Every structure is written in structure tokens, then in C-alpha cells.
Amino acid sequence: MNGWILISGVLIPLLGSLLLPLCARTSYKFRNITALVLVASAFVCGAFALVSLITGEPLSVRYELPLGLSFGFCGDALAVFMALTASFVSFIIVLYSFGYIKEYENQNEYYMIVCMFIGAMMGLVYSTNLILIYTFWELSSFSCWRLIGFYREEITINRANKAFIVTVFGALFMLIGFIGIYGQTGTFELTAMKGVSIAPWIVVLILFGILSKSATFPLHSWLPDAGVAPSPVTSLLHAAVLVKIGVYAYARLFVLTFNIKEEFTTVVPIIAAVSALYSAGVAFRENDLKRVLAYSTISQLAFILLGLSCGDKTGLVGGLLYILAHSVAKGGLFLCAGIVEHKLHTKDITKMGGLAKTMPFTAVAFALCAFSIMGIPPFFGFFAKHMVIDGIISSGNIVIGVLFILCAVMTVMYLLRLYAKVFLGPQTFPDKKEGTPIMVVSVMALGIMSLLLGIFSFIPSRLAEMVLEVM
């Protein structure tokens, strides 16, 4: 019966999302609260799974299906870590949406797709076989497509189609790789393939899917273009759900399940370094607020990929911790950007300035989240980045380590430039005030959490270390 906790964590937000348009017939407030409860249920189920994990009895459930397939979920350390991270940040994003989305049409679809998106994420992280992973992977792509095209304008529809095509075609290559694994092993079950060495061509196909979903150079351009979506959507894409699916799949498949040739522990860090430096450089040149943050996401995802691929346990723990650090802090940055855009009706940072005087809480929240992304102690991002860079240097790849140190310096520089342009200097919009109280509370919560996670970093570190215990 305990396995039903995992099933509930997936199906409540996934199937409950279909009820939200009906809830709106009662009242919009009832629909909004229901959406928040659906997301909260995913977090609560993850918390129950964490308790079982700590007691030494991780939750699992499995049902045999025809044609040699199966339906199975497992709440191991990696799954629980990702589920709690995604559902917590998503909860804050949905809460923030109460103030942001209320002025727009398509609200019923928005809340429905957001909850479906989160349910897909829960299903993917708990899944124990490749076909289920692929199914939820594609469901997330559908949700992403609908959310990016929220405004239904020609440019948003085109950008949504671009994101859909890139991620779905990437997933198609990954599916071919999964079929290749089945041909080699005769099973789709992850537990039956632990320690199996797979052919290099299969690794390349799966990596193609992972890099497309995690917006890694050169498959990255769809993510900055997705900035045409509402800020809660971009926060979901960059922080809570979508791009984290790719790095999760890397950890699940290439760290915890399959044995891959050592050449890939050299090639993947090089890809990550190129992606990090290129996107950090572009972030310097961009004047669109959300595109700066988008290229920052591409650059920071490279830190995560580096930690997971470097072959060192310290780097691996650092990569996992940075998933959490980046989710919380980058979610806050995008929500702060949403307040600014919502009030000023522009994303051009050259037209902004002095907003700290009229939006002090937003300015403070943005600074707190930015400090974590920069890697400033004692913020959580510092500890995670330090471990990633320590891991790659300890593995003997000093050149890549130096390049990522350079990238960390560039992160500080472009985020300081962004903050100065938006919040410091002479006031350009002296009549613009803070966002709604619920929006301000949301961004402050993520900013404070970025600091508290750093002060109490031993708590998430223990869960990340539990991932290594099953290697």
C-alpha cells in the first residue's frame, strides 16, 4: 500500500489538472486554491517518500503489463531529491501566479497545464523503466509547448513550436537509443540493467535527447526564445521542471544505471565548458532582462552537467546540490523579472534604472537569489559550485576546472551588470511600485531560502550523499 504514495504524487497533479476548468465554474479562487493543493500534494507525497527513505525502506510499486512491459515507481534518493526540489519551487510559482496571471485570458488552461507539467515531472523521476521515462518526457514537452504559447500571438506560437520541435526530436533520438538498449539487454527495466555497459552509439543518441532538453549548446536556442511566455512559465521552464529533466536523466542513466566508456567523462565536460562560456558571453551582450537570465540558465546548467559527468563523487554531490540551488535561486530571479516586466511593460534593461527605490522588496529578493547563482558565501550556490569545481580538478581535468572558474567570474560580472541596470542609478519609472503582496512574498521566500539552504547546507547534502550510497 505504501507504493500508492508515489502513485498519488504523480496522479493527483496529473489527473487533478483536468478538473481545474470545472473548478473555475464554481469560482476562480476555488480553481486557484485547487491548483495549489494539487502541487502541494506532490510535495507532501515526496516528503512521505523521504521519511521512508530515511528509515531504510524506500517506497516502490510495480505492476506487470502485457508485451513484457511494466508500470513501476520507486522513491530512491535521487527521485525523492528531484521530486521535493521541483514540487517545492513549483508550489511557490503557482502561488505567485495568483497575482500575475489574473489579468490574462486562458487562465483555466494555464493552471491545468502547469499541474499536468508537474505531474509529468513527478512521473518521470519516480519511473523505473525507460518507456515510462519516455512517456512522461514527451508529456512535459507537450506542456511546455502549450505554456510557451500562452499569449496566442504569432511570435509566441512560433517560439512554442520551436521549443516543441527541438525537444521532441531530441526525445525521438533518445527513444531510438532506448530501443537499442532493449535490443542489447532484452528489458526496459532500470533495475535489471544496473552496471550494464551499453554501446557508444546508444550513449550518443540518449545524450542528444538530454542535451536538447537541458538546452545545452548547440541545442540551446529554444530556451532564450521561450522568454516570450509569462514569467511564471519561464520560471517553471528554467528553474523547477523542464531543463532539470535533462540533467536528471543524465544522473539516472549514466551515473546510477549504465556503465559508459571513460571517453564520455572527457567529452561531456568539454561540451559543458563550451556551453557555459558561450552562454555567459552572450549574457553580457543581451539587454533583454529575461534573455540575460535565460542565457544564465544555460551557463549554470553546464555546472550541473559538469558535476554529474566529471567522475568524482565530490563533483557529483555538488552537481546534485546545484540542481536545488539553481532551482530556488533562478526561480526567484525569473519571478522578480516578472514583477518588473509586469509593472514596466518592457524587458529592455537599458530603459530601466533606480527600481530599488520603488521596489525595495523585489530588489532585495533579486539580490539574494543572484548571490546564490554567483556563488557568494554563505549562499547555497557557493557550496555547490565549489564542490563541482573541486570535483573536476580532483579528477585531473585542471583545464576544464580553470574554464569553469572563469565562467563563475563571468557569472558575477553579468549579474552585477544586470542588477545595476535594473535596480541602481537614476530612476526612470518613479511612479512604478511593488507587485501584489502575494508576488512579493513569493520572491522573498525564494531569496531567503537561497540563504537558509546555504547556512543549513548539511541537510540537503545528506540527501545528495544518499544518492551515492547506491552506486
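I call a residue buried under 20% relative accessible area, exposed over 50%, and partly exposed in between (1.4 Å probe, protein chains only).

**Ground rules.** I am reading a predicted model, where local features need pLDDT of at least 70, side-chain atom pairs count only at pLDDT 80 or more, and totals for chains, interfaces and linings use all residues. Residues are numbered from 1 along each chain as its sequence is written, and side-chain values use heavy atoms, with hydrogens and water left out.

Entry 1: I began with Ile176. It is partly exposed, at 41% relative accessible area. Ile176 sits in helix 7. I take helices (H or I, at least four residues) and strands (E, at least two) as DSSP runs numbered from the N terminus. Ile176 belongs to a nonpolar surface patch with Ile165, Phe169, Leu172, Phe173, Trp201 and Phe208. Together they have about 670 Å² of accessible area. Helix 7 (154-185) and helix 8 (200-213) each give two or more residues to the patch. Helix 7 has the largest share, 5 residues. Patch residues need over 30% relative accessible area and no salt bridge; nonpolar side chains are joined within 5 Å.

**Entry 2: salt bridges.** I searched for a side-chain nitrogen of Lys or Arg within 4 Å of a carboxyl oxygen of Asp or Glu. The whole structure has 10 salt bridges.

Arg62 pairs with Glu189, closest N and O atoms 2.7 Å apart. Arg62 is in strand 1 (residues 60-64) and Glu189 in the loop between helix 7 and helix 8, 127 residues apart. Arg62 is partly exposed at 44%, whereas Glu189 is buried at 11%.

Asp76 meets Arg252 at 2.6 Å, N to O. Asp76 lies in the loop between strand 2 (70-74) and helix 4, and Arg252 in helix 11 (residues 242-255), so the pair ties together parts 176 residues apart in sequence. Asp76 is buried at 17%. Arg252 is buried at 8%.

Arg159 pairs with Asp225 at 3.9 Å between the closest N and O atoms. Arg159 is in helix 7 and Asp225 in helix 9 (residues 222-225), so this pair ties together parts 66 residues apart in sequence. I noted a salt-bridge network too: Arg159, Lys162, Asp225, Glu286 and Arg291.

**Entry 3: largest pocket.** I put its volume at about 460 Å³. Of its 19 lining residues, the closest to the centre are Leu84, Leu324, Leu453, Ile459 and Pro460. A pocket here is an open set of points on a 1 Å grid where a 1.4 Å probe fits, with protein on both sides within 12 Å along at least five of seven lines; lining residues have an atom within 4 Å of a point.

Key:
Patch = residues over 30% accessible without salt bridge, like charges linked within 9 Å, V, L, I, M, F, W, Y side chains within 5 Å. Areas by Shrake-Rupley, 256 points an atom, 1.4 Å probe, with all protein chains shown as cover. Points joined across faces, edges and corners; volume = space filled by probe spheres on them.
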